[in-house]
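Here is a friendly walk through a protein model for someone who likes numbers with their cut-offs attached. Have the viewer open, and let us go through the chain piece by piece.

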Amino acid sequence: MELHYLSIRYEGDYDALLARLRVNEECEEEFRDIFDECMKIANPKGVFGACSAEQDGPYTIVGGKRFDSRVLSVNFKGLDRVFPYVISCGRELYDRACAESDPLYRFWIDGISEAALRAVGVKTREAVQETYGLTAVSCVNPGSLADFPLPCQRPLFDLLGEGPDRIGLQLTPSFLMLPYKSGSGIYFESGKRYENCSLCPRLTCPGRRAPYSEEMLAAYGLLPGPADGAQGVCEA
Ligand code: SF4
């Protein structure tokens, strides 16, 4: 697969971060120092490519890797190519966070890293659309739903070959990513907006982007979800 790399200069919105991280007025000067330091080193990155998609009975074959997932099967129906990707806040911010012993400073650096991750996520989505001439895309993410669980990270990373390693992103034996502020998934062309959250029963999740819908569950051939919190596993 031909890989495309992104490496961006992240310029954080100071006031937005100040508010988001609820920094007290008396700590503002310290926060400013941490913010400035992070802006000097922040270099979030991403990598993506295109690969084949086809159905084989109940399985979805993506770039030769077999996935047993209703979410993939329904979303990729009729498509002959999809776009795996990984993104990360970058090793620079991660190493700085790991070296920090003060828990408050660490919390701030993690918050800034998360914002850097979001920034490269937006750029990656735009780059995927531009590179392949797609008008609208949605994505599925391993670990977001029980139907597409975290171990699916392994074949996804395999699809991207040396890409994750080249941007400093590692997969742990328990399928978590390092740096922690990283993301992975598969973009697919879709006229309709798809959000994992519609199928996720974690009702009180603060990151929810779409309402939980039993109608959607039925459309995807998934059983109604159990009580809140039982299945929501993504870190979004
Ligand atoms: S855990 Fe939250 S963000 Fe993730 S899919 Fe569920 S509702 Fe959405």
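Helices here are DSSP runs of H or I with at least four residues, strands are E runs of at least two, and both are numbered from the N terminus. Helix 5 itself has 30 residues and, at 1.5 Å a residue, should span 44 Å; its end C-alpha atoms are 43 Å apart, which agrees. The expected span is 1.5 Å times one less than the number of residues.

Two notes on the source. This is a predicted model, in which local features need pLDDT of at least 70 and side-chain atom pairs count only at pLDDT 80 or more, while totals for chains, interfaces and linings use all residues. Residues are numbered from 1 along each chain as its sequence is written.

**The chain as a whole**

The protein chain holds eight helices and ten strands. Its C-alpha trace spans about 60 × 40 × 35 Å along the principal axes. A compact globule of 236 residues would have a radius of gyration near 18 Å, and the protein chain has 19 Å, which agrees. That radius is taken over C-alpha atoms, and the globule rule is 2.2 Å times the number of residues to the power 0.38. Of the 236 residues, 36% count as buried. Buried means that 20 or more other C-beta atoms lie within 10 Å of the residue's own, exposed means 12 or fewer, and partly exposed is in between, with C-beta atoms placed from the backbone. Among contacts with a separation of 6 or more, 75% come from residues 24 or more positions apart. A contact here is a pair of residues whose C-beta atoms, placed from the backbone, lie within 7 Å.

The chain is divided into domain 1 (4–194) and domain 2 (197–236), with bounds from an automatic or database domain assignment. Their centres, taken over C-alpha atoms, are 21 Å apart. Leaving out residues up to four places away in sequence, alanine 116 touches Tyr10, Ala42, Pro44, Cys89, Gly90 and Leu93.

**Strands and their partners**

| Strands | Bridges | Sense |
|---|---|---|
| Strand 1 (residues 4–7) and strand 2 | Four bridges | Antiparallel |
| Strand 2 and strand 6 (residues 81–88) | Four bridges | Antiparallel |
| Strand 3 (residues 51–56) and strand 4 | Four bridges | Antiparallel |
| Strand 4 and strand 5 (residues 65–67) | Three bridges | Antiparallel |

Strand 2 (residues 45–48) is covered on both faces: Lys45 and Val47 on one side, and Gly46 and Phe48 on the other, are all buried. Glycine 46 is the bridge partner of leucine 6, while lysine 45 stands opposite serine 88 in strand 6. Glycine 46 counts as buried because it has 27 C-beta neighbours inside 10 Å. Its contacts beyond four places in sequence are Leu6, Tyr85, Val86, Ile87, Val120, Thr124 and Ile167.

Strand 4 (residues 59–62) has one covered face, Thr60 and Val62, and an uncovered one, Tyr59 and Ile61. Threonine 60 stands opposite glutamine 55 and also opposite phenylalanine 67 in strand 5. Strand 3 and strand 4 form a hairpin with two residues between them, and glycine 57 in the turn has a positive phi of about 60 degrees. Strand 4 and strand 5 likewise form a hairpin with two residues between them, where glycine 63 in the turn has a positive phi of about 55 degrees.

**Backbone details in the loops**

Arginine 22, in the loop between helix 1 (14–20) and helix 2 (28–41), has a positive phi near 50 degrees although it is not glycine. With 8 C-beta neighbours inside 10 Å, arginine 22 counts as exposed. Phenylalanine 175, in the loop between strand 8 (170–171) and strand 9, has a positive phi near 70 degrees. With 17 C-beta neighbours inside 10 Å, phenylalanine 175 counts as partly exposed. Finally, leucine 178 and proline 179 are joined by a cis peptide bond, with omega about 0 degrees.

Terms used
Contact = placed C-beta atoms within 7 Å. Pairing = 2+ DSSP bridges.
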